[in-house]
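This report is for a reader meeting the structure for the first time. Please look through the sequence and the model before reading on.

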Amino acid sequence: MNPSDKGEVPAGRPETIKAVPVRHPGRWVGGIVVAVLAAMLLHALIFNPVFEWDVVRKYLFQQSILHGIGVTLELTALSMLMGAVGGVILAVMRLSPNPLLSSAAWLYIWVFRGTPVLVQLVFWNFLGLLWQRLSIGIPFGPAFWSESTNTLIPTFVAALLGLGLNEAAYMAEIVRGGIQSVDEGQTEAAHALGMSRARTMRRIILPQAMRVIIPPTGNETISMLKTTSLVSVIALEELFQAGQNIYSHNFKNIPLLIVVSIWYLFMTSILTVGQYYLERYFARGSNRALPATPLQKLRALFVRTPAAAPTAALPPAEGAPHD
Amino acid sequence: MTDPTKAPADGVGNGGPMVRAEGVRKSYGLVEVLKGIDLEVQQGEVFCLIGPSGSGKSTFLRCINHLEKVSGGRLSVDGELVGYRQKGDKLYELRDQEVARKRRDIGMVFQRFNLFPHMTALENIVEAPVQVRGESRGDARERARALLERVGLADKAASYPSQLSGGQQQRVAIARALAMQPKLMLFDEPTSALDPELVGDVLDVMRGLAEEGMTMIVVTHEMGFAREVGDALVFMDDGVVVESGHPREVLTNPQHDRTKAFLSKVL
């Protein structure tokens, strides 16, 4: 805003205040305590032989570990996709004026949120015990097509159903909260323009609800990435199961758990970065100026251009030229 | 499907009043907000609704495009019932799609603007013509630019609503409603949420619309605008029409005590 912010004072203005800043001795003490604790931890990590860092290094990129990572990622992506699509459908159903739809959605959420996901996983895996064959046909009448349940639902599909259907129940509540956070005036404005209910939802409400939906969904995705380790109970070889398989043979439990943890940590870190940029994208229009990305902040730190100081703030006078 | 409102064959459409209300009632539960409103708005008329808050004027306005459901009486726009279809002497509720189709021809401007915050000014205007009328995006953008020019905001096409002042947002909102080429415009206290110095720009745009012969129903507290631009004026209080007539007459020489009391406070 102000062109003369560089310290030199134009004549006639009171001089800039130069005062002794408040000292914070507590911060120094705290800093020293933390530094000592960190040094102890580092010492333990390096010198405790049980960690066996050479074993960690050996298995970090081992074939079955890498394959496990692939399964974990695939399972995370697909079950989140299932959860998101199912969640939107369930949320719209719950908010529907049709009592049949809204109570069906309520019932679904009640069941799937009210039972542990571990139990649901095992349940889907044992579906073959409940119905040996699944068929499509006239209800209570002849079947046109039928297939053995175990062929139809291999372990991977059972895992996907368990995680995805459970996730849909949670996502439904997140999406519903997002939809309800959008001002009612938006619906009225869209309706007044002649937009149908469905189009209003798709074009006007959901894009705005996204701003509220994205952060918890990011958390859900990160949580899902870790929850996939539960499917090891139905013997699907994802990352954790791959690690377990190895240490059940060579008894190098700690190093392999470290390998697995390193990979989980790596993947969740990547997701966190992705979440940040996604949130930034959906924040457009709601803030006058988008917050700077970490990269921009970093650049502003090293390149001291005068423009970099109030980061990327759009002066309201010239919001035009970026069509 | 052809637009039935445009067909002169049904006999009622053209020539008659744009809006006709006969004993319109509206209640929320036990509270009756409209207690029998009778009025007619002629084509090309600027029709002002004034009255204290809670008098039901906004509710009545919202009944016209069926944002609120009428609970009694008859309300018709351009010769067609709002929200219902009459067959013999039976009324059938309209489906959502039919209601939506009728709303296309009625523009509405809200007190709180209600621009879509995730879209730029231009996108706000383009949205309905493309999504609802099926116009091509190119044509719609071209017309949207012309509309922005007309409301004096040609340079704000790429701005998001949060980057615009209240007065600018309201002018974009008017342009958005006009983009649907409505035959009737409803204004629900369009300047009440604005800083006093921004009111003028919005009223200028509305004045221009009136001069072009747009039929407008305006709920307002701007007595100056009503006196200057209005062709007819109704004073409402407690869900009934207390007094109506030409704005200059009603505002300068009110007959009814309640009108006098109200005007003495706002003028």
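## The model and chain A

The structure is a predicted model. Chain A has 323 residues, and 34% of them count as buried. Its secondary structure comes to 13 helices and 2 strands. Among contacts in chain A with a separation of 6 or more, 68% are between residues 24 or more positions apart.

## Where the chains meet

Chain B gives 33 residues to the contact and chain A gives 28 residues. The size of an interface is often given as the accessible area lost when the parts come together. Here chain B and chain A bury about 2700 Å² between them, and 52% of that area is on carbon and sulfur atoms.

Between chain B and chain A there are 6 residue pairs in polar contact, with both residues at pLDDT 80 or more. On the chain B side, the elements that give two or more residues are helix 2 (96-103), strand 8 (106-109), helix 3 (121-131), helix 4 (137-150) and helix 5 (166-178). Sorted by class, this side of chain B has 15 nonpolar, 11 charged and 7 polar residues.

## A salt bridge between the chains

Side chains of opposite charge can pair when their charged atoms come close. Chain B and chain A have 2 salt bridges between them. One of these joins Glu188(A) to Arg62(B), with the closest N and O atoms 2.7 Å apart. Glu188(A) is in helix 9 (residues 184-192) of chain A and Arg62(B) is in helix 1 (residues 57-64) of chain B, so the pair joins two chains.

Are these two residues buried or exposed? Glu188(A) has a relative accessibility of 18% and counts as buried. Arg62(B) is buried as well, with a relative accessible area of 14%.

In soluble globular proteins, nonpolar side chains tend to be buried together. The largest nonpolar core in this model has 71 residues, of which Val19(B), Phe60(B), Ile64(B), Leu75(B), Leu184(B) and Ile217(B) touch the most other members. Helix 8 (residues 155-181) of chain A gives the most to this core, with 11 residues.

Leaving aside neighbours within four places in sequence, Phe60(B) is in contact with Ala21(B), Val24(B), Leu34(B), Ile37(B), Leu39(B), Leu49(B) and Leu75(B). Another core, of 50 residues, lies apart from the largest one, and its members include Leu147(B), Leu148(B), Val151(B) and Ala210(B).

## Other salt bridges

Over all chains the structure holds 22 salt bridges. One of them is between Glu93(B) and Lys69(B), at 3.2 Å from N to O. Glu93(B) lies in strand 7 (residues 90-93) of chain B and Lys69(B) in the loop between helix 1 and strand 4 (72-77) of chain B, so the pair ties together parts that are 24 residues apart in sequence. Glu93(B) counts as exposed at 53% relative accessibility, whereas Lys69(B) is partly exposed at 39%.

Arg150(B) and Glu212(B) also meet in a salt bridge, at 2.8 Å from N to O. This pair links distant parts of the chain, 62 residues apart: Arg150(B) is in helix 4 of chain B, and Glu212(B) is in the loop between helix 6 (196-211) and strand 10 (215-219). Arg150(B) is partly exposed at 41% relative accessibility, and Glu212(B) is exposed at 54%. In chain A, Arg94(A), Arg113(A), Glu173(A) and Arg176(A) are joined into one network by salt bridges that share partners.

Key: Residues numbered from 1 in each chain as written. Chains lettered and ligands numbered in written order. Predicted model: local features only at pLDDT ≥ 70, side-chain atom pairs only at ≥ 80, totals over all residues. Heavy atoms only, no water. Contact = heavy atoms within 4.5 Å. Buried area = accessible area lost by both parts, 1.4 Å probe. Salt bridge = Lys/Arg side-chain N within 4 Å of Asp/Glu carboxyl O. Polar contact = N/O pair within 3.5 Å; in protein donor to acceptor, adjacent residues only side chain to side chain. Helix = DSSP H or I, 4+ residues; strand = E, 2+ residues; numbered from the N terminus. Nonpolar A, V, L, I, M, F, W, Y, C, P; charged D, E, K, R; others polar. Core = buried A, V, L, I, M, F, W, Y, C linked by side-chain atoms within 4.5 Å. Buried < 20%, exposed > 50% of the residue type's maximum accessible area, 1.4 Å probe, protein only.
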